[in-house]
Amino acid sequence: MDIYRFLSADDDSSFCHKVTKALTEGWVLYGEPKYCFDPDAGKMRCGQAVIKQVADQPYDPDRKLTDYE
């Protein structure tokens with residue numbers, strides 16, 4: 001089973017650390033990063049989709065995606 005996450009944050013080093021942490025946990029980049037301007041905050045925001053293949057098991061929407069192995 002593949003699981004999907006979309007990581008997002010302000011365009012700063014914390015976003016890079018978030019993506020790097022996901023990659024070290026077995027997640028794989030899915031598609032290209034996305035950037036947009038948040039006019040309310042006056043900041044650039046970025047996002048990156050990641051996927052991870054896990055053992056076949058029932059999907060539970062109440063379970064944290066990071067808890068799947």
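Student: Taking helices (H or I, at least four residues) and strands (E, at least two) as DSSP runs numbered from the N terminus, where does Arg5 lie?
Tutor: In strand β1, residues 2-10. This is a predicted model, where local features need pLDDT of at least 70 and side-chain atom pairs 80 or more, while totals for chains, interfaces and linings use all residues. Residues are numbered from 1 along each chain as its sequence is written, and side-chain values use heavy atoms, without hydrogens and water.

Student: Is Arg5 buried or exposed?
Tutor: Buried, meaning under 20% relative accessible area; exposed is over 50%, partly exposed in between (1.4 Å probe, protein chains only).

Student: Switching to α1, which residues are buried?
Tutor: Phe15, Val19 and Ala22. They sit on the same side of α1 because they cover an arc of only 60° around the axis, taken from the directions from the axis to the C-beta atoms.

Student: What do they pack against?
Tutor: β1, β2 (28-38) and β3 (43-53), with contact meaning heavy atoms within 4.5 Å.

Student: And what is on the face turned away?
Tutor: That face carries exposed His17 and Thr24.

Student: What follows α1?
Tutor: Gly26, with a positive phi near 95°.

Terms used. Lys and Arg count as positive and Asp and Glu as negative; His and the chain ends are not counted. A salt bridge is a side-chain nitrogen of Lys or Arg within 4 Å of a carboxyl oxygen of Asp or Glu.
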